[in-house]
Amino acid sequence: MNFGKQLKEGIITNNPVLVQLLGLCSTLAITTSVSNGLGMGVAVLIVLTCSNVVISLLRKVIPDQIRIAAYIVVIAGFVTMVDLLLQAYLPEIAESLGIFIPLIVVNCIVLGRAEAFASKHGILASAVDGICQGIGYTLVLLVICVIRELLGTGAVNGVQIFPAQYAAMMMTLPVGGFLTLGAVIAAVQWAQRKSKGGK
């Protein structure tokens, strides 16, 4: 297990959103403010890491025929805990994220990492994978949030950067999410190709 390699994969070379193109629904829906992005990112990171550990622990016990159903039960348990903790201690974020916290249960990132990694590796490697993939997801959410919030309102996390009358309100709408996500994916793909010596 190489932490540096797994971190690089999670953030850049195998990023769940920018490279694997997973979890796009929640990425587009909740990236209208930095607080939303951070809340969702941390929630996914916790669920991903905890479920990876448990699935790795049970990987030799779960029969192949019911493995996906078992993964969903494990993931749903952790999502329920995170949802209840958010409602108890951060009700504003819980209300702002709404249905997207319970939908982490069917988030392709969490289920994909359970199937592709945690079911085949040891506990420590699976925990590190969950952390690294969760960090990569959170960073992408924050980048998209900053771009959308800044261009859409002229502010970032409540700090006014430029006058609101010069902001493009459409960036806070769904079309702004699609445009921003497309631009960020294109920029990362271009940078990766350039670093490999391509044009």
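**Entry 1: Arg148**

I looked up the contacts of Arg148 and found that, leaving out residues up to four places away in sequence, Arg148 touches Leu28, Thr31, Thr32, Thr153, Met171, Thr172, Leu173, Pro174, Gly176, Gly177 and Thr180. Contact here means heavy atoms within 4.5 Å.

I note that this is a predicted model, in which local features need pLDDT of at least 70 and side-chain atom pairs count only at pLDDT 80 or more, while totals for chains, interfaces and linings use all residues. Residues are numbered from 1 along each chain as its sequence is written, and side-chain values use heavy atoms, with hydrogens and water left out.

I placed Arg148 in helix α7; helices are DSSP runs (H or I, at least four residues), numbered from the N terminus. Arg148 is buried but has no salt bridge. Buried means under 20% relative accessible area, exposed over 50%, and partly exposed in between (1.4 Å probe, protein chains only). A salt bridge requires a side-chain nitrogen of Lys or Arg within 4 Å of a carboxyl oxygen of Asp or Glu. The nearest side chain of opposite charge is that of Glu149, 9.6 Å away; Lys and Arg count as positive, Asp and Glu as negative, and His and the chain ends are not counted. I also found the backbone oxygen of Thr172 at 3.4 Å from a polar side-chain atom of Arg148.

**Entry 2: Helix α8**

I turned next to α8, which covers residues 174-195 and has 22 residues. From first C-alpha to last, α8 reaches 32 Å, close to the 32 Å expected at 1.5 Å a residue; the expected span is 1.5 Å times one less than the number of residues.

I listed the buried residues of α8 as Gly176, Gly177, Thr180, Leu181, Val184, Ile185 and Gln192. Seen down the helix axis, they fall within an arc of 155°, so they line one face of α8; the arc is taken from the directions from the axis to the C-beta atoms. These buried residues pack against α1 (3-13), α2 (24-30) and α7 (123-153). The face turned away from the buried side carries exposed Phe178 and Trp190. After α8 comes Gly197, with a positive phi near 90°.

**Entry 3: Salt bridges**

I counted two salt bridges. In one, Arg67 pairs with Glu115, with the closest N and O atoms 3.0 Å apart. Arg67 lies in α4 (67-89) and Glu115 in α6 (108-118), so the pair ties together parts 48 residues apart in sequence. Arg67 is partly exposed, at 27% relative accessible area, and Glu115 is partly exposed, at 24%.

I also found Asp129 and Arg113 joined by a salt bridge at 2.7 Å, N to O. Asp129 in α7 and Arg113 in α6 are 16 residues apart, and both are buried.

How values were computed: Helix = DSSP H or I, 4+ residues; strand = E, 2+ residues; numbered from the N terminus. Polar contact = N/O pair within 3.5 Å; in protein donor to acceptor, adjacent residues only side chain to side chain.
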